Amino acid sequence: MRAMTEPKLISGNANLSLAKSIARRMSMHRGMSVKLVDARVERFNDQEIFVEVFENVRGEDMFIIQPTSNPANDNLMELLIITDALRRSSAARITAVIPYFGYARQDRRAKARTPISAKLVANLLTEAGVERILTLDLHATQIQGFFDIPVDNLYAAPVFALDIEHHFRNRMGDLMVVSPDVGGVGRARELATRINAPLAIVDKRREKAGEVAEMTVIGSVEGKTCIIVDDICDTAGTLSKAAGVLMENGAVEVHSYITHGVLSGPAVERIQKSVMKSLVITDSIEPTDLVRNAPNIRIVPTAPMFAQAILNIWNGTSVSSLFDTDTLVPIYEGMYSR
C-alpha cells in the first residue's frame, strides 16, 4: 500500500555527497524535488555531537543516510543522535540507511574474552529508535539476525556484473573470478555465476592479524584475466599480495572489485604500486581526494540502487527485486549498455 506521506531524507556528515546523489536520483524518479531535510550536525568544542532539525518531521517516514565509516565512533554517534532527535520529534518511522556498516568484522568471538561488537551496535541502533536498516554487502550476513527489526541487505554483485560486462565485453570468455580467501568464496561464486565465469581461490595463511605469511592459488589462472572480489579493502596488503601471486601463477591481468573502499593507511600507495590494472570500489564510503585522483582506482555509484530501495521501502514494494541485474539496467539509465 502506498504511503500517504513523502519519504524524507536526512544525512549526517559521513557521506554527504552520496546523500545528495540519492536525493537527486529520487527527484528524477518522483518527478518532483526531493531534498535533504534542513538540519545541523555539529560538534561542541569538547567534540560532543549536537543535532538540530529545522523542519517539521512529525508523522514523516524518515531515512537517515549515514555510513559508520572512519571515524567509525563519531559517525555512529551522529547516527544515534540524529535518530534520537527524530524520534523525539514524533517521526512516524525511522530507517537507517547505512551504506557501510562499521564494526561488521566483529561479528563473532574468535578468541576468548573478546566482544561481539556488531551485536552491540545492533542493540544501540534499535534502542535509539531505528525501526528498519538498509545496508550494502554486510561483511557477515548473519548480522541481520542480530536485529529484531527488518534488515534489507543490498548486494553490489549485480552492479559489478553490469560493470564487468560493459568493460570486458570483448573478453568475457577469458575471465576468472577469484576469492582472496576461503571465507569469501560465497561472495565470489555469486558474481561468477552472474557473469558465467569460473572460480579460483587464493588460500592465505596468517601468522598474526594484518600479516599474511603464505598464499596458494587453488585453481588454474594460466592465461586468464582475473577479477578479485571482496567486500572490504582496508590497508590493501592482502589484495596487493594476492594480485602478485596470481600474476606469478600465469594470470594475464588482475583487476579487483571491492564493495567498501576503506583504504586506510598506505592502501592507495600500495594499490598504485601493485600489479593490479584496476581497483573498482563503490561510493559507500566517502572517497578521499587521494582515492579520487588515483589513476587505477575507479568508483561505481550506488545512489541509483539506494534511491530505488528507499522508494520501494516507502511504497511497501519488494527490495529483493534489486538483486536482479536486469532490474538495475534501467535504474542505471544506460550507463551499462548490454
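Analyst: Start with burial. A residue is called buried when its relative accessible area is under 20% and exposed when that area is over 50%, with partly exposed in between. Keep in mind that this is a predicted model.

User: Which residues does T282 touch, beyond its neighbours within four places in sequence?

Analyst: T282 is in contact with L136, A156, F160, I258, T259, I299, V300 and T302. A contact here needs heavy atoms within 4.5 Å.

User: Why is R270 put in its accessibility class?

Analyst: R270 has a relative accessible area of 36%. Buried would need under 20%, and exposed would need over 50%. The value falls in between, so R270 is partly exposed. R270 lies in helix α7, residues 267-273.

User: What does R270 touch, leaving out residues up to four places away in sequence?

Analyst: T235, A236, G237 and S240. With T235 there is a polar pair: the backbone oxygen of T235 is 3.1 Å from a polar atom of the R270 side chain.

User: How far apart are R270 and I285 in sequence and in space?

Analyst: They are 15 residues apart in sequence. From C-alpha to C-alpha, R270 and I285 are 19 Å apart.

User: What is the phi of Y103, and where does Y103 lie?

Analyst: Y103 has a positive phi of about 70° and is not a glycine. Y103 lies in the loop between β5 (93-98) and α3 (117-128). Its relative accessible area is 28%, so Y103 counts as partly exposed.

User: How do you know that the bond between N70 and P71 is cis?

Analyst: Omega is about 0° for the peptide bond that joins N70 and P71. Most peptide bonds are trans. P71 lies in the loop between β4 (61-65) and α2 (72-88).

User: Why is strand β12 described as largely enclosed?

Analyst: Nine of the nine residues of β12, residues 253-261, are buried, so the strand is largely enclosed by the rest of the structure.

User: What makes β11 and β12 a pair?

Analyst: Pairing takes at least two bridges. Eight bridges join β11 (residues 225-233) to β12, and the two run parallel. I227 stands opposite H255 in β12.

User: How many bridges join β6 and β7?

Analyst: Four, and the strands run parallel. The requirement is at least two, so β6 (residues 132-136) and β7 pair. I133 stands opposite V151 in β7.

User: Which way do the side chains of β7 point?

Analyst: V151 and N153 point one way, D152 and L154 the other, and all are buried. In a regular strand the side chains alternate between the two faces of the sheet.

User: What makes the largest cavity a cavity, and what lines it?

Analyst: A cavity is a set of grid points where a 1.4 Å probe fits but cannot get out. The largest cavity holds about 30 Å³ of space. Its lining is Y100, F101, A104, D137, L138, H139, D231, I232 and H260. By class, that lining has five nonpolar, two polar and two charged residues.

User: Which elements each supply at least two residues to the lining of the second largest pocket?

Analyst: β1 (7-11), α1 (16-30) and β2 (39-43). Its space is about 170 Å³. The lining divides into seven nonpolar, three polar and two charged residues. Among them are I10, N13, K20 and R40.

Notes
Residues numbered from 1 in each chain as written. Predicted model: local features only at pLDDT ≥ 70, side-chain atom pairs only at ≥ 80, totals over all residues. Heavy atoms only, no water. Buried < 20%, exposed > 50% of the residue type's maximum accessible area, 1.4 Å probe, protein only. Polar contact = N/O pair within 3.5 Å; in protein donor to acceptor, adjacent residues only side chain to side chain. 1 Å grid on protein atoms, 1.4 Å probe; cavity = no way out; pocket = protein on both sides within 12 Å on 5 of 7 lines; lining within 4 Å. Points joined across faces, edges and corners; volume = space filled by probe spheres on them. Nonpolar A, V, L, I, M, F, W, Y, C, P; charged D, E, K, R; others polar.
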